[in-house]
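The sequence and structure are shown first.

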Protein chains: 2
Amino acid sequence: MAIENAPSALPTDALAHHISDQAKRRTGNAVKAMLKFTNKPGVLSLAGGLPNPSFFAFKSLATTVPSPLLLKPEAPQNALINDAFVPQSPPDLASLFARALQYSMVDGLPEISDIANEIVSSVYRPAYPDWTVLPTTGNTDALYKTWITFCNPGEGVLAEEWTYSVMLSSILPLGLRPVPVQADADGMSSVALRNLLENWDTIAPKGLSRPHTLYLVPVGQNPTGTVMSMQRKREIYSICSKYDIIIIEDDPYYFMQFDDYGAKANGTATAASNGDNSWPESLQPTPQVSISSRPAIVSVLTPLDTSLDTDGRVIRLDSFSKTLAPGLRLGWVTCNKLFADRIYAMAEVTSQAPSGFSQTAVCTLWAQWGLSGYLSWLEEYMHIGLRTQYRVRRDAFKCAIRVRARPSLPRPRARDEGVGSMHARTFHDQRI
Amino acid sequence: MAIENAPSALPTDALAHHISDQAKRRTGNAVKAMLKFTNKPGVLSLAGGLPNPSFFAFKSLATTVPSPLLLKPEAPQNALINDAFVPQSPPDLASLFARALQYSMVDGLPEISDIANEIVSSVYRPAYPDWTVLPTTGNTDALYKTWITFCNPGEGVLAEEWTYSVMLSSILPLGLRPVPVQADADGMSSVALRNLLENWDTIAPKGLSRPHTLYLVPVGQNPTGTVMSMQRKREIYSICSKYDIIIIEDDPYYFMQFDDYGAKANGTATAASNGDNSWPESLQPTPQVSISSRPAIVSVLTPLDTSLDTDGRVIRLDSFSKTLAPGLRLGWVTCNKLFADRIYAMAEVTSQAPSGFSQTAVCTLWAQWGLSGYLSWLEEYMHIGLRTQYRVRRDAFKCAIRVRARPSLPRPRARDEGVGSMHARTFHDQRI
């Protein structure tokens, strides 16, 4: 029996024209072609170049993870030292590590895709059913693969006027041209975007076709620090749908959404201005107000672009760098199956799978934490998770600037928590 | 005082014309530009987007490694179970892991470059002094970076007529054309290469310029299994030097060089044909015949291209995949500084550093083994290392085919230990 009102599967052929010429040339997957024969019962394949596992130079891997509830307000630094010890290589993790040591397909261990699937299906909930996840070695590498998979040299890429410097370093050498769109405190301006696209033929430099890709950092935009509002997301999505533009949502800071400075942070400001080193009042646990089938943290965060994505035109890049550790070099892409397959093909001749050691570490953590532990670590339990920890530091830092800086310095504005360096480029002064 | 006869530093400007247009466009390193300011004493940079290390979700990492001498002939499988236990996070490794968890420059921890430098300077010994190493996420990714860094679309790449399928999957979508060179049991034919280059203008398809890159898998060539002889290496290098061609030496199997089947393996053949499961005679320890300043294993292996490389025209790709474990996704490039800098710039917008967990695991191993342990693991100690372990299996496998297969099957030829799938392509039938 079909579920009523369930979204129907995407006709992904409708999106096939977004694939770049280079990605189209990645035809024929030699490995998959070979699997047809090597997967037959009784066939022992010698073709994969797999080393003999008895000669791997590592016999076990153990990592200790803190309890996800250890980010306690009363002792935020010391608490982390009381680790929950993870028993060294319990049976299932030992078998997992054995697999992690060997070559694998580029999506790595199924366990990692399972973790990404669990997060996406419970937290992000894309608006179409046949979305897929593909583990990556982090957002920088995944972003580069995205340009190669979707853009041909000479094309323009829509982006906020002030955008992430690494995005520019990534596209300019490829012969892609950033097409700046004005932004305000709610993110990219939908008025500016609509105006640009409606009047493209008169505004655009000669020879530059209307872009079919748009780059967004919706949370903690770099360098402006803005968080895109839901209303703005709806407007931008609707325009992209009308003009058949795919959205690249680079969103490592999704769980680091803060209230505006001043909204709840008066306690912090007072504490800091008194030179008081105790934790500010704003960090005191707040009782959870609602229990629903959705994780509580999601209810306080701006929903993702993917939750609007009925067309399957969002390519979302996630990373564990900001939530677990950057050294993992582990994240994932969420997008439609057609796009994921093309990114997969690119990974086969580049990164291959993420590190098996990183994969094992994340699986070890997940065996202890599960999704509920992960969400507690981020925020869920008593609202003292990572999100609050960083917000309190933001508040203290801004307060210190406001109180202690020379009066001649400009006051910090709300929503200016950007990290990374800035670039402003217009397509009128590009020399590429 | 200058060392007499020491090779002089390379005038790398002489090689700059090999850099691709895309790589030339990777100008201006925003991170390095920022370091000018952020490295000043007293400056606390907030620009890097570095998470707070107290919120990393991993507190320690421990891996157990076998003794490098545990590949004993009498009990090759069981011996590996008696691991030397590595104490969990001894102080120096704990500090190393703390650094490995955070973002780093794309060359990762200095300790990994130190390990690569130790191997290269003691085993490979390039013929010019200012060679450099750059850690990578393995040869597949490093190879892709090489094409992007040195080749423009439409160019040809010289390669053996039968070459590695992944190399072809890597270059064809980039619009590069494989230019096949005949090969024999000693590897790529220098006669064929010289003939091709001397007569390029009459032989080559219209519009295809003479290639300036040559791809080689000198040991265990895929799919033919050949090991290039030293004489052949000298000839190929000399031709490349004359025609100003850079050599991409993809050499993960360097330490897996075997004697020809039959040369020493008669004992094996007999044992296997008797259905005897004991270790063949050829595995019995052989006393080391000479002690020199060079590692003993090097004296029995064909020297590398790098040892001939007075011009700095070899880009050597090394991997720990075949010697330690593929799941590490860790290797390194050895080449001149100019080339390494361009590959580094490519890594900044793609892979960034290798996994910190993999780096920590290799450093943990190296703390136990050191270079001498690594060389023992490979072969050095009593000649029972990896190289012998794989040769014995090769011998037993070939013997089994010879003895047990139906007489109608063709006999295996010497030097046909290739792994991976085959492709034959000529530049006459390319449709790319």
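Chain B can be laid on chain A with an RMSD of 0.0 Å by a turn of 180° and a shift of 0.0 Å along the axis, the superposition being by least squares on the C-alpha atoms of residues with pLDDT of at least 70 in both copies. That is the relation of a two-fold axis. In chain B, the C-alpha of B:Ala62 is the one nearest the axis, at 2.6 Å from it. The same surface serves both copies, since 100% of the contact residues of chain B recur in chain A.

This is a predicted model, in which local features need pLDDT of at least 70 and side-chain atom pairs count only at pLDDT 80 or more, while totals for chains, interfaces and linings use all residues. Residues are numbered from 1 along each chain as its sequence is written, and chains are lettered from A and ligands numbered from 1 in the order in which they are written.

**The interface**

In total, 66 residues of chain B are in contact with 66 residues of chain A, where contact requires C-beta atoms, placed from the backbone, to lie within 7 Å. Helices (DSSP runs of H or I, at least four residues) and strands (E, at least two) are numbered from the N terminus. Elements that each supply at least two residues of the side of chain B that touches chain A include those below.

| Element of chain B | Residues |
|---|---|
| Helix H2 | 30-38 |
| Strand E1 | 60-64 |
| Helix H13 | 356-378 |
| Helix H14 | 386-404 |

The largest share of this side, six residues, comes from H13(B). Its residues divide into 34 nonpolar, 24 polar and eight charged; Ala, Val, Leu, Ile, Met, Phe, Trp, Tyr, Cys and Pro count as nonpolar, Asp, Glu, Lys and Arg as charged, and the others, Gly among them, as polar.

Strand E1 (residues 60-64) of chain A is joined to E1(B) by five bridges, and the two run antiparallel. Within this pair, A:Leu61 stands opposite B:Thr63.

**The sheet of chain B**

Chain B holds an open sheet of seven strands in the order E2-E11-E10-E9-E8-E3-E5, with mixed pairing; strands pair if DSSP finds at least two bridges between them. Its edge strands are E2 (131-136) and E5 (177-181), each pairing on one side only. Neighbouring strands are turned by 25° against each other on average, direction ignored; axes are lines fitted to C-alpha atoms, for helices over the stretch in contact, and angles run from 0 to 180 degrees between N-to-C directions.

Strands E10 (residues 314-319) and E11 (residues 331-336) of chain B pair in the antiparallel sense over four bridges. B:Asp318 stands opposite B:Trp332 in E11(B). Helix H12 (residues 337-348) of chain B lies across E2, E10 and E11, running at about 135° to E11(B).

Terms used:
Contact = placed C-beta atoms within 7 Å.
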